[in-house]
Amino acid sequence: GGGDGGNSGALCISKPRKGNNIISTDYLNEIKDRMNATENVVITHKGETYTFDDVCYNPAGPYEFPCFRMTTMDCFEQGGYSFDSTAAEAWRDLVISSALDTAIATVMASTVNQATATT
């Protein structure tokens, strides 16, 4: 919000209250429930209404696709609770496109460096 072009970010770190394993059914379901609750919060301040979409990182298309997140939950099928097939495809295209661009730039730089070194 605010129209200043700034970025917001949040880093949340958690550890299990019981035991040492965060990869348990109960814990992963708790993470999913908490993330779902967080992503559905609506706040009104001074007449302006804000949602998670207003403050999240979203290079795939703000307000069109779910926000970027990287959690333990996203390693499992249940992590897709807020991604429909269109959003998943947009993210895959974005990641694959970025990875290809990086790989091509690396190969090109390496080729140029090798050519320069041999001349």
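Select Lys46 in the hairpin of E1 and E2: Lys46 takes a positive phi near 50°, and two residues lie between the strands. The model is a predicted one, in which local features need pLDDT of at least 70 and side-chain atom pairs count only at pLDDT 80 or more, while totals for chains, interfaces and linings use all residues. Residues are numbered from 1 along each chain as its sequence is written, and side-chain values use heavy atoms, with hydrogens and water left out.

**The hairpin strands**

Two strands count as paired if DSSP finds at least two bridges between them. Helices (H or I, at least four residues) and strands (E, at least two) are DSSP runs, numbered from the N terminus. Pick His45 next; its bridge partner in E2 is Glu48. Then pick Thr44, which stands opposite Thr49 in E2. In a regular strand, side chains alternate between the two faces of the sheet.

**The salt bridge**

Move to helix H1 (residues 25–39) and show Arg34 and Glu30, which are four residues apart in that helix and therefore separated by about one helical turn. Arg34 forms a salt bridge with Glu30, and the closest N and O atoms are 2.8 Å apart. The criterion is a side-chain nitrogen of Lys or Arg within 4 Å of a carboxyl oxygen of Asp or Glu. A search of the whole structure finds one such salt bridge.

**The disulfide**

Select Cys56 and Cys67, which form a disulfide with their sulfur atoms 1.7 Å apart. Cys56 lies in the loop between helix H2 (52–55) and H3, and Cys67 in the loop between H2 and H3, so the pair ties together parts that are eleven residues apart in sequence. The structure holds one disulfide, defined as a pair of cysteine sulfur atoms within 2.5 Å. Display the torsion about the S-S bond of Cys56 and Cys67: it is about -65°, so the disulfide is left-handed. Both cysteines are buried.

**Along helix H3**

Go to Ala90, placed in helix H3. Ala90 is buried, with a relative accessible area of 17%.

Met108 counts as exposed, at 51% relative accessibility. Select Ile96, Leu100 and Ile104 along with Met108 to see a nonpolar surface patch with about 410 Å² of accessible area together. Patches are made of residues with over 30% relative accessible area and no salt bridge; like charges are joined within 9 Å, and nonpolar side chains (Val, Leu, Ile, Met, Phe, Trp, Tyr) within 5 Å. Accessible areas come from the Shrake-Rupley method with a 1.4 Å probe; for residues, only the protein chains shown count as cover.

**The whole chain**

Finally, select everything. The chain has three helices and two strands, which run α-β-β-α-α from the N terminus on. Of its 119 residues, 17% count as buried.

Notes. Buried < 20%, exposed > 50% of the residue type's maximum accessible area, 1.4 Å probe, protein only.
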